[in-house]
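Subject: Structure handover

Hello,

Here is the structure for your files. My notes on it follow below.

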Amino acid sequence: MLNAVEFQAKIQNGLIQIPDEYKQEFAEGDDIQVIVLVKKKSFPEKDIIDELTENPVQVNGVLSREEIYSR
């Protein structure tokens with residue numbers, strides 16, 4: 001039977017410290033299963049403004065409002 005314990009920790013010198021409140025649930029030599037979920041700092045994906053800045057649309061002349069929105 002598996003019992004799940006969840007906590008957050010920081011890796012220090014390659015080791016994950018088990019919080020004191022959970023240490024009594026584990027004994028030396030216990031077989032355990034470890035799943036590690038890492039929070040990565042994410043940067044926003046490129047949006048339409050980024051794309052247009054890098055790849056501007058080339059237009060010959062100036063378009064009127066009617067030309068821009070005509071079908």
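Which residues form a nonpolar patch on the surface? Ile 48, Ile 49, Leu 52, Val 57, Val 59, Leu 63, Ile 68 and Tyr 69 do, with about 830 Å² of accessible area together. (Patch residues have over 30% relative accessible area and no salt bridge, and nonpolar side chains, meaning Val, Leu, Ile, Met, Phe, Trp and Tyr, are joined within 5 Å; a salt bridge is a side-chain nitrogen of Lys or Arg within 4 Å of a carboxyl oxygen of Asp or Glu; areas are Shrake-Rupley values with a 1.4 Å probe, with only the protein chains shown as cover.)

This is a predicted model: local features need pLDDT of at least 70, side-chain atom pairs count only at pLDDT 80 or more, and totals for chains, interfaces and linings use all residues. Residues are numbered from 1 along each chain as its sequence is written, and side-chain values use heavy atoms, without hydrogens and water.

Helices α2 (48–54) and α3 (65–69) each supply at least two residues of the nonpolar patch, and α2 gives the most, with 3. (Helices are DSSP runs of H or I with at least four residues, strands runs of E with at least two, numbered from the N terminus.) Tyr 69 lies in α3 and counts as exposed because its relative accessibility is 64% (exposed is over 50%, with a 1.4 Å probe and protein chains only).

Asn 13 sits in the loop between β1 (11–12) and β2 (15–16). Although Asn 13 is not a glycine, its phi is positive, at about 55 degrees. Asn 13 is also exposed, at 81% relative accessibility.

Regards

Methods. Buried < 20%, exposed > 50% of the residue type's maximum accessible area, 1.4 Å probe, protein only. Patch = residues over 30% accessible without salt bridge, like charges linked within 9 Å, V, L, I, M, F, W, Y side chains within 5 Å.
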